[in-house]
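Please read the following points alongside the sequence and the coordinates.

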Amino acid sequence: MSETKPVPPPPEPILLDLEWLGDHRLRGRSGDVEMVMDSPPVAGPSPVQALAFALAGCMAIDVLVVLKRGRFDLKGLKARLVAERATTDPKRILKVDLHYTVAGEVPADRVDRAIQLSREKYCSVWHSMRQDIELTTRFEIVSGP
């Protein structure tokens, strides 16, 4: 007889409220978290910048979680995202290059695997975006933060 694994419950829905603050500024609230978006980005990031922050943050957190599970001597992690946008409306993101700098004694193959797991399995932001966006990832390992 094979055992059936219990199906985990679905995640809670995301509830978000936006309020116009004047000009092109919007305040968004989700639970106890608040942010202001602005276009052009003066009082906060533009919506597309917020999307880029979300993608880089989601993938970087995934990489951190995977590397920390491996109990490596991780001293720091930085990520730099460069996104190319279409020249005509809606000026969507076409191409993303995400470069990680990992500080500490972490094997390169484990960093590569952590990035791969984020992209292929864990990052809900990436999986919510159009899959025709070209995404390249790179990393380097340095000795200190």
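Predicted model: local features only at pLDDT ≥ 70, side-chain atom pairs only at ≥ 80, totals over all residues.

1. Arginine 80 lies in strand β4 (residues 73-85); strands (E, at least two residues) and helices (H or I, at least four) are DSSP runs, numbered from the N terminus. Arginine 80 is exposed, with a relative accessible area of 61%. The terms are: buried under 20% relative accessible area, exposed over 50%, partly exposed in between (1.4 Å probe, protein chains only). Leaving aside neighbours within four places in sequence, arginine 80 is in contact with Asp97, Leu98 and His99, contact being heavy atoms within 4.5 Å.

2. Residues are numbered from 1 along each chain as its sequence is written, and side-chain values use heavy atoms, with hydrogens and water left out.

3. Helix α2 (residues 108-122) has 15 residues and reaches 20 Å from first to last C-alpha, close to the 21 Å expected at 1.5 Å a residue (1.5 Å times one less than the number of residues). Val111, Ala114, Ile115, Leu117 and Ser118 of α2 are buried. Seen down the axis, these buried residues fall within an arc of 155 degrees, so they line one face of the helix; the arc is that of the directions from the helix axis to the C-beta atoms. Asp109, Glu120 and Lys121, on the other side of α2, are exposed. Cover for the buried residues includes α1 (47-69), β5 (93-105), α3 (124-128) and β6 (134-142).

4. The structure holds nine salt bridges, each a side-chain nitrogen of Lys or Arg within 4 Å of a carboxyl oxygen of Asp or Glu. One of them joins arginine 92 and aspartate 132 (3.3 Å, N to O). Arginine 92 lies in the loop between β4 and β5 and aspartate 132 in the loop between α3 and β6, so the pair ties together parts that are 40 residues apart in sequence. Aspartate 132 also meets arginine 130 (2.7 Å, N to O), and Arg92, Arg130 and Asp132 are linked in a network of salt bridges. Arginine 92 is partly exposed at 25% relative accessibility, as is aspartate 132 at 45%.

5. Serine 46, in the loop between β3 (33-37) and α1, is buried at 11% relative accessible area. Not counting residues up to four places away in sequence, serine 46 touches Asp38 and Pro41.
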